[in-house]
Amino acid sequence: YSQPGGSQIKLIDGSASCLIDISGTRGVTIQGLSLNGAKLGTNVHGIMREDPDPSKNPHAHENASRIEACQVAHFSGDGVHMMHSWAWTIRHSMIAYNGGHGLNYVGWDGFVHDCWLTNNRGAGLAAHGPEGFTSAVTFVGNRIEWNYQQGILIENGSSMMQITGNFFDRNYLSGIAVTPGNTPSLCDQITMTGNFFYRNGKSAPGESPDSSHLRLEEACGITCVGNAFRAGDDSGSSKGPCSPSYGICYKNLQNCVITNNVFHQGAMKTLIMGGGGTGVIVENNPGSLLVAG
């Protein structure tokens, strides 16, 4: 957990762009390694793919990379930096203590299973554009905790994601944020089911929508069903300071469902705050506020 183990590859050149570069490759597997960035340089990534946008190449094909049973830690940039990754898998790995995002990607047809995304200075996982976008990703059974930004950030029209059975603990901003970002494209078709959200929004201003477990803005076709939400402090008690202010913040959604979630001691100020949009159903979400002290 706290130190590399097993077979270790350690960065020694802070001027490098990354430790392992898989750009332009197909069918690469990285398995059973500890990749140690030693906090060298500026914006040095652990594992990097920088490929052209395949939508602009009629002869492009899946690059099909796999990362399994690895620790990717202490890089000054992203732990895993994947631009235009197509048909990829990350399983049973710990991506932690990095200066950028844990997993930063634009890509399609991905699976992230059974991983630990912890204590990265950016988001645990950032899915975005604007050159291309991110879609068709299945994110199951992961622990996403203590990241300095969101647990998961989805923006720039990213879509078609399944987020199921994960634990979001003490991320400094929202556990999950779905926003337009810096493009007019709206995110759509995202399911969030059976997740547990605990004491997120640690460092967000109390009146900010970032002080929430879940932030949904200007998105379409979102289902948020059967999740549990709980507020708390660093120690896991209610002595304070506790967060978040809000359980779910939503704004200007289209054809979305927020239902059958549980908020027992789920937030400090308001369980669900939002409005605007069309075709939005918010119902059957019982709960209570946490009283600090």
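In this structure the charged end of Arg143 sits over the ring of Phe167, 4.5 Å from the ring centre; a charge counts as over a ring if NZ of Lys or CZ of Arg is within 6 Å of the ring centre and within 35 degrees of the ring normal. Please keep in mind that this is a predicted model, where local features need pLDDT of at least 70 and side-chain atom pairs count only at pLDDT 80 or more, while totals for chains, interfaces and linings use all residues. Residues are numbered from 1 along each chain as its sequence is written, and side-chain values use heavy atoms, with hydrogens and water left out. Here is a friendly tour, grouped by topic.

**Rings and charges**

- Lys202 also lies over a ring face, that of Tyr172, at 5.5 Å from the ring centre.
- Across the whole structure, a search finds nine aromatic pairs. Rings of Phe, Tyr and Trp (its six-membered ring) pair if their centres lie within 6.5 Å; planes under 30 degrees apart count as stacked, over 60 as edge-to-face and the rest as tilted.
- Which residues do ring pairs link into a cluster? They are Phe168, Phe197, Phe229 and Phe263.

- Nine strands make up an open sheet with parallel pairing, in the order 1-4-7-9-11-14-17-20-23. Strands here are DSSP runs (E, at least two residues) numbered from the N terminus, and two of them pair if DSSP finds at least two bridges between them.
- Strand 1 (7–10) and strand 23 (228–230) stand at the edges; each has a single partner strand, so one side of each is left without a neighbour in the sheet.
- From one strand to the next, the twist averages 10°, with axes taken as lines fitted to C-alpha atoms and angles running from 0 to 180 degrees between N-to-C directions.
- Strand 17 (residues 167–169) and strand 20 (residues 196–198) run parallel and are joined by three bridges. Phe168 has Phe197 as its bridge partner in strand 20, and both residues belong to the ring cluster mentioned above.

**Strand 21 and its partners**

- Six of the six residues of strand 21 are buried, so this strand is largely enclosed by the rest of the structure. Buried means under 20% relative accessible area, exposed over 50%, and partly exposed in between (1.4 Å probe, protein chains only).
- Strand 18 (residues 176–178) pairs with strand 21 in the parallel sense over three bridges, and Val178 has Leu216 as its bridge partner in strand 21.
- Strand 21 also runs parallel to strand 24, joined by five bridges; in strand 24, Tyr250 is the bridge partner of Leu216.

**A buried arginine**

- Arg199 is placed in the loop between strand 20 and strand 21 (212–217).
- Is Arg199 buried or exposed? With 8% relative accessibility, Arg199 counts as buried.
- The side chains of Arg199 and Asp169 are joined by a polar contact of 2.7 Å. Such a contact is a pair of N or O atoms within 3.5 Å; within protein, one must be able to donate a hydrogen and the other to accept it, and residues adjacent in sequence count only if both atoms are side-chain atoms.
- A polar atom of the Arg199 side chain also lies 2.8 Å from the backbone oxygen of Asp234.

**Cysteines**

- The disulfide count comes to zero, where a disulfide is a pair of cysteine sulfur atoms within 2.5 Å.
- Cys70 is in no disulfide, and the nearest cysteine sulfur, that of Cys115, is 9.7 Å away.
- Cys70 counts as buried at 4% relative accessibility, and Cys115 counts as buried at 4%.

**Backbone details to check**

- In general, most residues other than glycine have a negative phi, and most peptide bonds are trans.
- The peptide bond from Gly240 to Pro241 is cis, with omega near -5°, and the one joining Ser243 and Pro244 is cis with omega about 0°.
- Pro241 lies in the loop between strand 23 and strand 24 (246–259), and Pro244 is placed in the loop between strand 23 and strand 24.
- His92 has a positive phi near 55°; this residue is in the loop between strand 8 (80–91) and strand 9 (94–96) and is partly exposed at 44% relative accessibility.
- Asn260 has a positive phi of about 55° although it is not a glycine. Asn260 sits in the loop between strand 24 and strand 25 (263–267), and is partly exposed, with a relative accessible area of 44%.

Definitions and conventions
Helix = DSSP H or I, 4+ residues; strand = E, 2+ residues; numbered from the N terminus.
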